[in-house]
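Welcome! Here is a short tour for someone meeting this structure for the first time. Please have a look at it, then read on.

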Amino acid sequence: MQVKSFEEYHQAYQQSVEQPEQFWENIANNFQWRKKWDKVLEWNFKEPKVEWFKGAKLNITENCLDRHLENNADTPAIIWEPNDPTEDHRVLTYRQLHDKVCQFANVLKNNGAKKGDRICIYMPMVPELAIAVLACARIGAVHSVVFGGFSAQSIADRIKDAECNIIVTADGSYRGTKEVPLKSVIDDALVQCPSIKRVIVLTRSHTPVSMIKGRDVWWEDEIKKVETQGNPECEPEEMDAEDMLFILYTSGSTGKPKGVVHTCGGYMVYTGYTFSNAFQYQPGEIYFCTADIGWITGHSYIAYGPLSQGATVVMFEGIPTWPNAGRFWDIVEKFKVNILYTAPTAIRSLMSFGDDVIKGKDLSSLRKLGSVGEPINEEAWHWFDEKIGHGKCPIVDTWWQTETGGFMISPIANVTPTKPGYATLPLPGVQPVLVDENGKEIEGNGVSGNLCIKFPWPGMLRTTYGDHERCRQTYFAAYENLYFTGDGCLRDEEGYYRITGRVDDVLNVSGHRIGTAEVENAINMHSSVVESAVVGYPHDIKGQGVYAFVVSPEKHGDEELTRKDIIMTVSRIIGPIAKPDKIQFVSGLPKTRSGKIMRRILRKIAEGDTSNLGDTSTLLDPAVVDEIKAGAM
Ligand code: PRX
């Protein structure tokens, strides 16, 4: 599945465009199927309807676990590094991971789980999170992982939307010096969720929790029951290629987060192929992905992609800055990591601590570096290249999305010449186009436009859970016969792609996608807020910060307290990741006569660029702009 030279890349790319079905069929033949497909691809972007490997039967966990047992049972699958470096790390070989997944799959079955059920997972970054995910896939249940930083309300919204019947969680988690409760957050969420019949709770932090009779059970007790039942195996459920594998919620420009749906066959092929090819993974290499399994990066490139390729994955529970900002480098040294995949926000944050924390660390095992989540600025790129890669490791800047399932535009390590700030070229099988506002394709090089994809790839989303029309509206209605990514993009003279950021009302804060409308809705819940408008502004570490303009005539107590109350409200409604960095109180928002908020103006003010605000004459009350300008933070 790996191309070995730039020439081979071009050949593979050309074949993938000219004969896409043959191209993907060859790739798919590298996986284990119970039954092969009747047809490689059927599609139209109108409905949209996309089906890959139709008629094929498989279980993804057979590819991620069982098929490695014959020759690689003792290869480490997961090396887990705990939050506290003085606690022992854990290693799970493929044999051990297989057994634990089977055990927990049987726990799920004992608790009533069946094929097609939706199971919510809200857990810390411990091996049991990966085990729970794979156990769902083993029995054909659909997992919906919710990142540990989301609030009770966000969890409840997701559980209700997917009508989950089981939730797997832990008592609490550790993040640096903090102990973060999880079960009590679930208890708050479940007040609104009658569909949940069972809560399975892993012991991690020994935080006191309330266990409700008939509903809540301990992970460890359930495992013991399975052990006494004496059948450690759990036969993998046979799935159709297009059966649902998981739902993952992500923010868009409007309303509530959408449940992006991925299916078994295409997702398996796509994540396995892209992992193997882009990182040029070699057997025995130690690969460390710093993401959380709660996000798509963790799904595709901690769990499914690497495991289907028999890779050894380092999974880290803690944060990059505790006990000090050298933690990543300690982990690299400790496990002799060969491939490090992280995010620009982490790089910028670690850069800011200076070079002392890297001094004396042995980073010589590193061969390849990866970046994901947001455009990487040149300064961070060079620092990563020089200080971490010592100029000898290619930087694989992977552009992709929750919806794409896997890498789309990315260098192939040691094959594609890299360029700071550029995701470089589309991987074989990916056909990007740039379009103007009217949907007209912009051809040639040295151009920029909105990034779309014009042909399906196996890892793409199939629908948004429970609302196919929303999927069509969001991704396939903006431009006819194209998947619209929501990103702006530049194609330089050489044909290299550089992602310039979102063109919709979605923010990218520390690599996390946050919808401005969602944050506004949360702010507006606060009792003394009349209305608000949220925009992004450049932030040295986070990439983008959250800037809120808030109309609040009746501030309760002093202004600073109201600010804190609003921040608390956002934390409660969405989660701490969406907290505004700046809140400016204003007497009104700049609106057109038809009542539309002129975000363009607010964005400029938030960016500190008030020299040219453009035409403000169409505003209902132009004076409000001067007031906002004067009070900008
Ligand atoms: O704007 C792009 C940015 O992150 C968005 C997707 O966010 P999410 O679905 O949360 O997935 C993040 C991990 C894949 C994209 O629309 N983005 C992601 N990777 C890059 C990027 N922007 C520039 N360069 C990247 N490498």
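Predicted model: local features only at pLDDT ≥ 70, side-chain atom pairs only at ≥ 80, totals over all residues.

## Around the ligand

P375, Q401, T402, I499 and R513 come nearest among the 23 residues around the ligand. Two or more residues of this shell are given by each of α11 (296–308), β19 (368–372), β20 (395–398), β24 (483–491) and β25 (497–502).

## An open sheet

Next, take a look at the strands. An open sheet of eight strands runs in the order β12-β11-β8-β6-β7-β14-β15-β23, with mixed pairing. Its edge strands, β12 (216–218) and β23 (463–464), each pair on one side only.

Within this sheet, β7 (residues 142–145) pairs with β14 (residues 244–250) in the parallel sense, over two bridges. There you can find S144 opposite I247 of β14.

## Two cis peptide bonds

E47 and P48 are joined by a cis peptide bond with omega about -10 degrees. P48 sits in the loop between β1 (39–44) and β2 (49–54).

Another cis bond leads from W322 to P323, and its omega is near 0 degrees. Look for P323 in the loop between β17 (312–316) and α12 (327–335).

## Positive phi angles

E163 is not a glycine, yet its phi is positive, near 50 degrees. This residue lies in the loop between α7 (152–162) and β8 (166–170). E163 counts as partly exposed because 13 other C-beta atoms lie within 10 Å.

N414, also not a glycine, has a positive phi of about 65 degrees. Its place is the loop between β20 and β21 (432–435). With 17 other C-beta atoms within 10 Å, N414 is partly exposed.

Methods:
Residues numbered from 1 in each chain as written. Pairing = 2+ DSSP bridges. Helix = DSSP H or I, 4+ residues; strand = E, 2+ residues; numbered from the N terminus. Near = placed C-beta within 6 Å. Buried ≥ 20, exposed ≤ 12 C-beta atoms within 10 Å, placed from the backbone.
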